[in-house]
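Hi,

Here is the structure I said I would pass on. Have a look at it below, and then read on for my notes.

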Amino acid sequence: MLELLPPLNDKNLPWLDVIHPIVVHFVIAMALITVVFDFLGVLTKRRNLFEVSFWNLVVATVAIFVAIIFGQIEAGLANPYGASRDILNYHSTLGWSLAGVLGLLTGWRYVVRQKDPTSLPSGFLVIDAVLAVLVFCQVYLGDKLVWVYGLHTVPVVEAVRSGALS
């Protein structure tokens, strides 16, 4: 399947730069703003906050699947070394888990919204808080892969290609 991709550049990618982090930042922002607006909506009882929250949740759910597609392709081309292999596995597993949580929340939220668009069940808010914690954990793992292990950076790719890292 890799032969179908164009030649890899100095970052070991078939395209100019990493795309996964660009898409992931949409997911991070929209998922976290969903949680904030849900809690603010409950506290202030303003319907507009619930509407903004719902649509951010929908877009975050769609965006996470785009992020996973690019993340899986770029992870396959990353040549992880040492402890970065485990971190990349945790990051991938947590990413798929987040997709499940976002999908579940979106479906649940859609049903709740049909019944009463001005309130949220307390169980939903608990899962909302879990979502925020998972997002922060995922950001930590992703930051470690980029800023500590330097996956898809030119020096690390050159070191792996030369055999200095394995």
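R109 sits in helix α3, which covers residues 84-115. One thing to keep in mind while you look at it: this is a predicted model. Is R109 buried or exposed? Its relative accessible area is 3%, and since buried means under 20%, R109 counts as buried. Leaving out residues up to four places away in sequence, R109 touches D38, F50, S53, F54, L57, L120 and F124.

S53 belongs to helix α2, residues 47-76. With a relative accessibility of 0%, S53 is buried too. What does S53 contact, once neighbours within four places in sequence are set aside? The answer is T34, F37, D38 and R109.

You'll find L43 in helix α1, which runs over residues 20-44. L43 has a relative accessible area of 69%, and because exposed means over 50%, L43 counts as exposed. L43 also belongs to a nonpolar patch on the surface, together with V36 and L40. Between them, the three have about 290 Å² of accessible area.

Now for the whole protein. How many helices and strands are there? There are five helices and zero strands, so along the sequence the pattern reads α-α-α-α-α. The C-alpha atoms fill a box of roughly 60 × 30 × 20 Å along the principal axes. The protein has 166 residues, and 39% of them count as buried, R109 and S53 among them.

A word on contacts, too: taking those between residues at least 6 apart in sequence, 78% join residues at least 24 apart. As for the surface, the protein exposes about 9200 Å², and carbon and sulfur atoms supply 71% of that. Finally, the charges: there are 10 positive and 11 negative side chains, and the centres of the two sets lie 10 Å apart.

That's what I have for now. Happy browsing!

Cheers

Key:
Residues are numbered from 1 along each chain as its sequence is written. This is a predicted model: local features need pLDDT of at least 70, side-chain atom pairs count only at pLDDT 80 or more; totals for chains, interfaces and linings use all residues. Side-chain values use heavy atoms; hydrogens and water are left out. Helices (H or I, at least four residues) and strands (E, at least two) are DSSP runs, numbered from the N terminus. Buried means under 20% relative accessible area, exposed over 50%, partly exposed in between (1.4 Å probe, protein chains only). Contact means heavy atoms within 4.5 Å. Accessible areas come from the Shrake-Rupley method with a 1.4 Å probe; for residues, only the protein chains shown count as cover. Lys and Arg count as positive and Asp and Glu as negative; His and the chain ends are not counted. The place of a charge is taken as NZ of Lys, CZ of Arg, CG of Asp or CD of Glu. Patches are made of residues with over 30% relative accessible area and no salt bridge: like charges are joined within 9 Å, nonpolar side chains (Val, Leu, Ile, Met, Phe, Trp, Tyr) within 5 Å. A salt bridge is a side-chain nitrogen of Lys or Arg within 4 Å of a carboxyl oxygen of Asp or Glu.
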